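Please read these notes with the model open beside you.

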Amino acid sequence: MAIGAHPDDIEFGCGATLAKWSAAGCHVIHVVCTDGSKGTWEADGNLAGLALRRQREQRAAAKLICPEGETVFLGWPDGELRAGTKERAQLCAWIRHYRPEVVLGHDPWRSYRLHPDHRNAGLLTLDSLVAARDPMFFPGHGGSHHRPSALLLWEAEEPNHIEDAGGYVELKISSLLMHKSQHLTTMGVLSDGDSTDFNLRVRALAEAAGRLVGLEAGEAFHLIDDL
Ligand SMILES: [Zn+2]
């Protein structure tokens, strides 16, 4: 189960890893916390229309890397995500429902991180996981308690685990490009659709992560496996 603040964050954080695991037979769940409705530079943009468009883009991106997977939208307003009790109860229920072996999410402790949703999605992931594993938190809510065996945090402040992304970087880039509404704002892909620079940037990041452990390509995480 990968938990991202906005449509596209999961593909950025762990798209190659999910593609690899999906190909190996894992059932992958995308959980998207906010509706992504502020992901535009158009001050008079249609927020409801953008939220719907981003749901469609997210489903298409998820389908590309994890054809058998599922996507859950928590639906909180973009930019206003909180890691409060209400949000925790909701995400705790999804964790208990799907009973993931591994949870992936934003590292909330990444220094100088500006976007509040990325910080709060990270905190919400941790807090919901703690709630889901313990029967005394939200008793019976969403099913019986469930303890995942590992947590992988992307954009990690202190990476301690590189997942081999060899053979899956192309698929990661293709899935990111499914988020067409974000081409200009997030990916620097102009209206001519030329994504060469973006391709090179994503590939360079994957190669840099891989080099740390002698691989062609990788995705870097902070692994916590004593949950
Ligand atoms: Zn984001």
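Two residues are in contact if their C-beta atoms, placed from the backbone, lie within 7 Å. The model is a predicted one: local features need pLDDT of at least 70, side-chain atom pairs count only at pLDDT 80 or more, and totals for chains, interfaces and linings use all residues. Residue numbers start from 1 along each chain, following the sequence as written.

1. Start with L151. L151 is found in strand 5. Strands (E, at least two residues) and helices (H or I, at least four) are DSSP runs, numbered from the N terminus. Setting aside neighbours within four places in sequence, L151 is in contact with V103, L129, I224 and L227. L151 is buried, because 20 other C-beta atoms lie within 10 Å. The cut-offs are these: a residue is buried with 20 or more other C-beta atoms within 10 Å of its own, exposed with 12 or fewer, and partly exposed in between; C-beta atoms are placed from the backbone. Now look along the chain. L151 and Y168 are 17 residues apart, and their C-alpha atoms are separated by 21 Å.

2. Next, L104. This residue sits in strand 4 (residues 102-106). L104 has 26 C-beta neighbours inside 10 Å, so L104 counts as buried. Beyond residues up to four places away in sequence, L104 touches A2, G13, C14, L152 and W154. L104 and G122 are 18 residues apart along the chain, with 9.4 Å between their C-alpha atoms.

3. Consider the core. A nonpolar core is a set of buried Ala, Val, Leu, Ile, Met, Phe, Trp, Tyr and Cys residues joined through C-beta atoms within 7 Å. Which members of the largest nonpolar core touch the most other members? They are A2, L18, C33 and V169, out of 54 residues. V169 touches A16, V202, R203, A206 and A217, not counting residues up to four places away in sequence. In soluble globular proteins, nonpolar side chains tend to be buried together.

4. Now the helix pairs. Two packed helices are described by the angle between their axes and the distance between the axes. Axes are lines fitted to C-alpha atoms, for helices over the stretch in contact, and angles run from 0 to 180 degrees between N-to-C directions. Helix 2 (residues 47-65) and helix 5 (residues 169-177) pack at about 165 degrees, with axes 8 Å apart. That makes helix 2 roughly antiparallel to helix 5. The classes are roughly parallel for angles under 35 degrees, roughly antiparallel over 145, roughly perpendicular from 65 to 115, and oblique for the rest. The crossing of helix 2 and helix 5 is right-handed. A crossing is right-handed if the near helix is turned clockwise from the far one by less than a right angle, and left-handed if anticlockwise. A61, L64 and I65 of helix 2 meet L171, S174 and S175 of helix 5.

5. I65 belongs to helix 2. I65 is buried, since 28 other C-beta atoms lie within 10 Å. Neighbours within four places in sequence aside, I65 is in contact with G15, L18, A19, S22, L171 and S175. I65 and L18 are 47 residues apart along the chain, yet their C-alpha atoms are separated by 6.9 Å.

6. Helix 5 has another partner. Helix 1 (residues 9-23) packs with helix 5 at about 135 degrees, with axes 8 Å apart. The two, helix 1 and helix 5, are therefore oblique to each other. Helix 1 passes helix 5 in a right-handed crossing. The contact joins E11, F12, G15, A16 and A19 of helix 1 to V169, L171, K172, S175 and L176 of helix 5.

7. Helix 3 (residues 85-98) and helix 4 (residues 116-133) pack at about 60 degrees, with axes 8 Å apart. Helix 3 and helix 4 are therefore oblique to each other. Their crossing is right-handed.

8. Finally, check phi. Most residues other than glycine have a negative phi. R99 is not a glycine, but its phi is positive, about 55 degrees. R99 lies in the loop between helix 3 and strand 4. R99 is partly exposed, with 14 other C-beta atoms within 10 Å. F138 also has a positive phi, near 40 degrees, in a residue other than glycine. F138 lies in the loop between helix 4 and strand 5 (150-154). Is F138 buried or partly exposed? F138 is partly exposed, with 19 other C-beta atoms within 10 Å.
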